[in-house]
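Subject: Model handover

Hello,

Here is the structure for your files. My notes on it follow below the entry.

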Amino acid sequence: MADQSAVGRMFTPVTARVEPGRLRFFLDTLGERNPVYRNEAAPVPPTYLFCLEMMDAPDAFEFLNALDIDLARVLHGEQRFDYHAPVVVGDTLTFRSRVESVTDKKGGAMTLIVVETAVTNQNGAHVADTSRTIVVRNARPS
Amino acid sequence: MSANSPSIDERLVHKKFPAITRHRLALYCGASGDHNPIHVDLDFAKAAGFPDVFSHGMLVMGYLGQALTDAVAPSRIRSFSTRFAAITQLGAKLTCEGVVTELMEQGGEKRVKLALTTKDQNGEVKLAGEAVIAV
């Protein structure tokens, strides 16, 4: 179970390329028909940064494994994106993630883990920050 | 659409989506890179204490993002956040809405804040969030 010692922990940076074919699969899956996404050098949909990081991570659940958290006990609590500059098809992005906080809730029945990620592009521009809150349903103490 | 001169309480975002199917969850698993089996493998979901598989929160947020960018160009979104208030079950027919709650000036540009919700066909709130957009 994660505790305060996890705060500040950083994980292997992930580099991901915004590939048109993979993006098309995402758009089709969501039934997205908006032509703005179908051009060359199109922008990515607002949640796609989350996907890129998972798709190209050598281990998509690295931080769960590193903190010894069972995937079956995890729910997504909150998600935030702050966009600083455009991300378009063809970009190569680097994701650097850090554990921001670990908070026990409901007398330890749940633990909230906040992971913040800074996203930069191939020119070194800081294009976005993302923040995800993971809810861990802890086993009842026996 | 009046995103260039929105007013408080104006509903800028409104979109309905078809019922969520197992097939959609399988496609999203591949399309998103989120291979957590809890969304596609019934045996795994049951062993984890759930009656069935259920939607990725990020699929639901993806729908909300789609509703948002139907109304607002992606380049004008400054932030987008949500809380996952409840699990979204199979068969859920989602409605996404966004209402203007605040007009402001930030970073030298005019912006508006939208309160966003995603509800299922029973009116249960699945996602509650907000976005800040440049106008």
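Contact in these notes means heavy atoms within 4.5 Å. By that rule, 31 residues of chain A touch 35 residues of chain B.

Some conventions before the rest. This is a predicted model, where local features need pLDDT of at least 70 and side-chain atom pairs count only at pLDDT 80 or more, while totals for chains, interfaces and linings use all residues. Residues are numbered from 1 along each chain as its sequence is written, chains are lettered from A and ligands numbered from 1 in the order in which they are written, and side-chain values use heavy atoms, with hydrogens and water left out.

The interface

The two chains, A and B, bury about 2,800 Å² between them, 64% of it on carbon and sulfur atoms. Buried area is the accessible area (1.4 Å probe) that two parts lose on being put together, summed over both. On the chain A side, A:T29, A:L30 and A:Y83 lose the most area to chain B, together 20% of what that side buries. The rule for salt bridges (a side-chain nitrogen of Lys or Arg within 4 Å of a carboxyl oxygen of Asp or Glu) finds 0 across the interface of chain A and chain B.

Helix packing between the chains

Helices (H or I, at least four residues) and strands (E, at least two) are DSSP runs, numbered from the N terminus. Axes are lines fitted to C-alpha atoms, for helices over the stretch in contact, and angles run from 0 to 180 degrees between N-to-C directions. Helix α2(A) packs on α1 of chain B (residues 22-32) at about 75°, with the axes 8 Å apart. The pair is therefore roughly perpendicular, a label for 65 to 115 degrees; under 35 is roughly parallel, over 145 roughly antiparallel and the rest oblique. A:C51, A:M54 and A:M55 of α2(A) meet B:Y28, B:A31 and B:S32 of α1(B). These residues divide into 5 nonpolar, 1 polar and no charged, where Ala, Val, Leu, Ile, Met, Phe, Trp, Tyr, Cys and Pro count as nonpolar, Asp, Glu, Lys and Arg as charged, and the others, Gly among them, as polar.

Helix packing within chain A

Helix α1(A) (residues 20-29) and α2(A) (residues 48-56) pack at about 125°, with their axes 12 Å apart. That makes α1(A) oblique to α2(A). A:R22, A:L23 and A:F26 of α1(A) contact A:Y48, A:C51, A:L52, A:M55 and A:D56 of α2(A). This set holds 6 nonpolar, no polar and 2 charged residues.

Chain B

Chain B has 3 helices and 5 strands, in the order β-α-α-α-β-β-β-β along the sequence.

Regards
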